[in-house]
Amino acid sequence: SQLVYSHNQNGQDRIVLQSIADSSPKTLMELDQSPGQLVWFTDGQGIVYKVGRQIMFYWLATGQQEKLSLESSLIDPLAFESGTDTLIMFKASGEARNLWSLNRKTLEQKQLTFGALAGST
């Protein structure tokens, strides 16, 4: 099992990976500011995190990072399905926060109903 978390040490924000098999934590990256959200890919192969208005994808095996082409303070990531490039997220509209899916490559967005969500899980 692995745990990923953000950590501020001596004024430097970091995203850290801790594994049960390895007692010493591994710094994955250093950031200019603390991430607002930090979630796993559904297959455990990477993480999605948000810094400011930018959503970032990070693949553990390669260390590759990729910015989502869309910036928004209104999006909060919940999960990422790498096989379909689908980000599940909360999206704010006024006072309401609704559940949406977003394709990482095409940026196509769809609001999810509870029935659609239950059917997909």
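Is Glu-66 buried, exposed or partly exposed? At 26% relative accessibility, Glu-66 counts as partly exposed (buried means under 20% relative accessible area, exposed over 50%, partly exposed in between, with a 1.4 Å probe and protein chains only).

Before going on, note that this is a predicted model, where local features need pLDDT of at least 70, side-chain atom pairs count only at pLDDT 80 or more, and totals for chains, interfaces and linings use all residues. Residues are numbered from 1 along each chain as its sequence is written, and side-chain values use heavy atoms, leaving out hydrogens and water.

Let's look at the charged side chains. A salt bridge is a side-chain nitrogen of Lys or Arg within 4 Å of a carboxyl oxygen of Asp or Glu, and the count comes to 7 salt bridges. Here are some of them:

| Salt bridge | Closest N and O atoms |
|---|---|
| Glu-30 and Arg-14 | 3.3 Å |
| Lys-50 and Asp-76 | 3.6 Å |

Glu-66 also belongs to a network of salt bridges with Asp-85, Arg-104 and Lys-105.

Now for the rings. Rings of Phe, Tyr and Trp (its six-membered ring) pair if their centres lie within 6.5 Å; planes under 30 degrees apart count as stacked, over 60 as edge-to-face and the rest as tilted. There are 4 aromatic pairs by this rule. In one of them, the centres of Phe-41 and Trp-59 are 5.4 Å apart and the planes lie at 80°, so this pair is edge-to-face. Both Phe-41 and Trp-59 are buried. Ring pairs join Phe-41, Phe-57, Trp-59 and Phe-80 into a cluster.
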